[in-house]
Amino acid sequence: MRRTLQACSAALLLLIPLVTGCGNKVTAPGGGVDQQAADDIAIQATTGLTVVGGDVEFAMTTIPLAPQAGARQATPARALWDTTVTWNGITYQASRTFYDAAGGTLPDYGPLAVRMRWTSRAYGTYQGPRDTASVGHDALLDVRGIQAGQDTIRFDGTCRDTLQNTFRSLDGLRVRYFFWTSSTVVDAVRILKSTLPAGGWPLSGTVTYTVSADRLRSNDRADVEAHFDATVVVTFNGTNQPEIVVNGVWRYRWNMVTGAVTRS
């Protein structure tokens, strides 16, 4: 769902142990993160959101959306228990289970289905307008609102990601090298069915990253310049520019159409 979380954001895969004591610890306002580091972390977060967004889009292409009467109907896809798709260099592998209102499992999507449990892993190299990232991603997502009569889909769940990224700094003057691991919570991200699957801006909800990151001097993971711990909260608001807040201090807007990150 490139536009759904990108127009919206990573059970555990390729987990690389957290690098916590490498390099020089940076002391600055905002929990040890200065403005320049926050800029870099905000950019990294958008890369993570793009990976999560691809996962969500993948999930939504495998079930009928059953919108309310009058809404644009998506073409139902044949049910797939385990399947694989590659988008923008990232390979997603996933399985799903449908549940009824009492929490019982169902053999497939049908009138009794009220929730889908989506388990996925992803890996590969993402190439964006600003960056190139090697990605490891695992997700466990619950998708609610899939039954007829509901006008929105709601996503909740957790992800784990590793990103080794080469990208341009916010001002475009420097090349940055980062390695990060993150635990991610997707909380009540709601999207109108009538805007799917082509993609719509999430109406509300948050994606929260708990991050351990190393800024590198080169693309060598052992060549650590500084280490940062951060909490990144992305808040969706029904527009194409959600807010990104790093450590409760540094604020940004992410333009999901152009991919631009700007301070706010």
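Arg-117 is partly exposed, with a relative accessible area of 25%; the class covers values between the buried limit, under 20% relative accessible area, and the exposed limit, over 50% (1.4 Å probe, protein chains only). The model is predicted: local features need pLDDT of at least 70, side-chain atom pairs count only at pLDDT 80 or more, and totals for chains, interfaces and linings use all residues. Residues are numbered from 1 along each chain as its sequence is written, and side-chain values use heavy atoms, with hydrogens and water left out.

The side chain of Arg-117 meets that of Asp-142 in a salt bridge, at 2.6 Å from N to O. The two residues are 25 apart in the chain, Arg-117 in strand 5 and Asp-142 in strand 6. A salt bridge here is a side-chain nitrogen of Lys or Arg within 4 Å of a carboxyl oxygen of Asp or Glu. Asp-142 is buried, at a relative accessible area of 13%.

## Strand pairing

The chain has 3 helices and 13 strands. Both are DSSP runs numbered from the N terminus, helices being H or I with at least four residues and strands E with at least two. Strands count as paired if DSSP finds at least two bridges between them.

Strand 5 (residues 115-127) pairs with strand 3 (residues 90-99) in the antiparallel sense over 10 bridges; within this pairing, Ser-95 has Thr-119 of strand 5 as its bridge partner. Strand 5 also pairs with strand 6 (residues 131-144), again antiparallel, over 13 bridges. Strands 5 and 6 form a hairpin with 3 residues between them, and Tyr-123 stands opposite Gly-136 in strand 6.

## Other salt bridges

The count of salt bridges comes to 12. One of them joins Asp-39 to Arg-263, with the closest N and O atoms 2.5 Å apart. This pair links distant parts of the chain, since Asp-39 is in helix 3 (residues 35-60) and Arg-263 in strand 13 (residues 261-263), 224 residues apart. Asp-39 is buried, with a relative accessible area of 5%.

Arg-215 and Glu-225 also meet through their side chains in a salt bridge, at 3.6 Å from N to O. Arg-215 lies in strand 9 (residues 204-216) and Glu-225 in strand 10 (residues 224-235), so the pair ties together parts 10 residues apart in sequence. Arg-215 is buried at 10% relative accessible area, whereas Glu-225 is partly exposed at 31%. Salt bridges with shared partners join Asp-40, Arg-176, Arg-215 and Glu-225 into one network.

## Nonpolar core and surface

The largest nonpolar core has 60 residues, and those with the most contacts inside it are Val-33, Ile-41, Phe-155, Val-232, Val-246 and Tyr-252. Helix 3 gives the most to this core, with 13 residues. Such a core is a set of buried Ala, Val, Leu, Ile, Met, Phe, Trp, Tyr and Cys residues joined through side-chain atoms within 4.5 Å. In soluble globular proteins, nonpolar side chains tend to be buried together.

Leaving out residues up to four places away in sequence, Ile-41 touches Val-33, Phe-178, Trp-180, Phe-228, Ala-230, Val-232 and Val-246, where contact means heavy atoms within 4.5 Å. Of the 264 residues of the chain, 51% count as buried. The accessible surface of the chain comes to about 10800 Å², with 52% belonging to carbon and sulfur atoms; areas come from the Shrake-Rupley method with a 1.4 Å probe, and for residues only the protein chains shown count as cover.
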